[in-house]
Amino acid sequence: MDQPTLQHDKLYIGGEWRRGRGAEITSNFPADGSLNAHLPGASLEDVDLAIERAQDAAADPAWRHLLPHERASYLYRIADGIAQSADRISQVQSRDTGKTLTETRALAMSAAGTFRYMAATLETMEDALTPSRGNFLTMSVYEPLGVTAGITPWNSPIASDAQKVAPALAAGNAILLKPSSWSPLVCLELARVIEAAGLPKGLFSTLPGAGSIVGERLVTHPAIRKVSFTGGTETGRDIARKAADKLMPVSLELGGKSPAIVFADADLDVACAGVMFGIFSSTGQSCIAGSRLFVERSIYDAFVAKLVAATKRLHVGHPFEAATQVAPLIRPKHRDEVEGHVKRARDDGGVILTGGERPAGVDYAGGTYYLPTIIAGLDNTASLCRDEVFGPVLAVLPFDDEADLIRQCNDNSYGLACGIYTGDFPKAWRVARAIDTGTVWINTYKQFSISTPFGGTKDSGLGREKGRDGIRAWMAQKSLYCDLSQAPHPWAKKSL
Ligand code: NDP
């Protein structure tokens with residue numbers, strides 16, 4: 001996008017574009033620090049207004065009792081709108097986050113796919129007729145919750161926004177979306193598409209603003225009936241504690257420290273490409289990044305040498321260059337944090353095999369670039385192997401046998417993902433079933449399908465998104481008993 005600043009000065013609240021009354025949020029382009037926009041964020045009054053409008057819209061029978069295929073038609077229109085605006089959405093997201101245009105375009109198309117899938121799922125969802133234990137017709141049905149909220153992080157905004165907004169609307173709810181303060185602009189593009197799709201006013205609002213103010217209000221407000229959160233583990237814990245006070249369901253998609261595993265019998269080209277893609281794509285700013293690499297000892301030296309050589313050839317560059325594989329990190333503050341992790345790893349005795357610094361040269365001046373980094377010589381208990389870095393930093397460790405491998409992989413507080421590279425399928429299957437994690441990839445990494453549920457174990461989260469049950473996670477289950485005899489209950493009959 002050529003213009004130095006983006007025209008974003010209003011929020012979409014209750015079906016209207018309004019100037020936010022909260023603190024200003026600044027968005028800069030991570031490739032050179034230039035200004036994208038000053039956006040007036042949402043105030044508490046704005047949040048309350050959005051909730052009020054959402055309550056009316058969610059309770060309106062015209063929405064609550066809309067037939068599934070009619071509700072699905074809004075989602076199909078939103079999907080088409082996102083696909084038609086994919087280039088613009090991609091450019092705004094790349095400016096907001098520094099991600100490559102290739103990646104942000106793919107994220108936009110995946111968001112369109114999410115709306116389309118949820119529409120199709122909604123059209124084919126069924127309530128259950130349950131076996132009755134008497135002369136009843138018994139049913140289990142699903143109903144909308146009412147007003148819900150989605151709170152999302154900065155790393156893949158349009159995709160994570162869609163994963164909350166699409167199933168929430170498909171379920172017949174209203175949803176208020178609070179994006180990260182570090183990527184406030186993309187949700188406004190989504191709002192434009194949703195408005196153009198003709199979704200009834202009030203069902204969707206965007207509320208950029210500080211998590212501790214806007215996010216907190218959404219979580220604690222009595223009218224909000226569910227929060228779906230994607231973000232850091234500590235924030236997720238805090239949200240879960242507050243949700244417990246009002247006994248509100250929450251879904252938490254949190255952090256990770258996922259292992260990638262290379263056995264000696266793997267196709268080493270496939271493994272090397274998969275390991276690099278797993279940790280260095282998105283500049284490592286990915287919850288599922290394969291940030292701990294376990295290599296079978298007999299091939300450890302040779303494989304690590306191959307990996308280091310290939311990593312040095314990765315193209316670190318501007319997000320708008322087609323050749324770029326590793327773009328800048330999101331913010332200078334975040335790069336400082338990544339550098340802090342690498343310093344601690346060095347202090348712990350880690351040996352930097354490649355990277356460990358900012359790239360030199362005029363092309364990188366002003367941008368928040370950091371070289372893909374591989375660190376060896378650490379124990380699985382070192383902080384680099386425990387803490388989520390959320391940057392392009394890989395710890396490599398050897399393993400001796402399956403038992404040793406599984407023990408090391410599971411000896412971690414997170415359980416989000418895992419990648420296994422081997423030519424021996426029964427072994428891949430055994431190990432996949434033994435790793436305590438939400439997703440396992442075999443001979444690949446970071447592949448997603450909207451029809452396959454996603455979520456974590458342990459500190460990586462609670463609940464699942466996506467898949468056919470993805471809509472039901474936004475609904476209340478109700479049991480219905482209908483007496484078929486139409487006769488008074490025998491217990492009371494003699495008193496009648
Ligand atoms: P944060 O947890 O800091 O923030 C996530 C969102 O929560 C932001 O919108 C933030 O707002 C908001 N927030 C912050 N504090 C509160 C609060 N007290 N109450 C309510 N909302 C709050 O995470 P990051 O944005 O730094 O994102 C990176 C993290 O997200 C990583 O740990 C990563 O692993 C995780 N993640 C997990 C994914 C998964 O699917 N499992 C996918 C992508 C990321 P604000 O920005 O204004 O502070």
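This is a predicted model: local features need pLDDT of at least 70, side-chain atom pairs count only at pLDDT 80 or more; totals for chains, interfaces and linings use all residues.

**Exercise 1: a strand and its neighbours**

Take Ile 420 and find its bridge partner in strand S19 (residues 439–442).

Solution. The partner in S19 is Ile 442. Numbering starts from 1 along each chain as its sequence is written, and side-chain values use heavy atoms, with hydrogens and water left out.

Next, widen the view: S18 and S19 run parallel, joined by 4 bridges. Strand S12 (residues 259–262) is also parallel to S18, through 3 bridges, and here Ile 261 has Ile 420 as its bridge partner. (Strands, E, at least two residues, and helices, H or I, at least four, are DSSP runs numbered from the N terminus; two strands pair if DSSP finds at least two bridges between them.)

Last, check burial (under 20% relative accessible area, 1.4 Å probe, protein chains only). In S18 (residues 417–421), 5 of the 5 residues are buried, so the strand is largely enclosed by the rest of the structure. Ala 417, Gly 419 and Tyr 421 cover one side, Cys 418 and Ile 420 the other.

**Exercise 2: two helices**

Describe how helix H3 (residues 68–84) packs on helix H7 (residues 186–196).

Solution. Start with the axes (lines fitted to C-alpha atoms over the stretch in contact, with angles from 0 to 180 degrees between N-to-C directions): they come within 9 Å and cross at roughly 130 degrees. Then list the contact residues (heavy atoms within 4.5 Å): H3 supplies Ile 78, Gly 81 and Ile 82, and H7 supplies Leu 190, Val 193 and Ile 194.

Note on methods: Buried means under 20% relative accessible area, exposed over 50%, partly exposed in between (1.4 Å probe, protein chains only).
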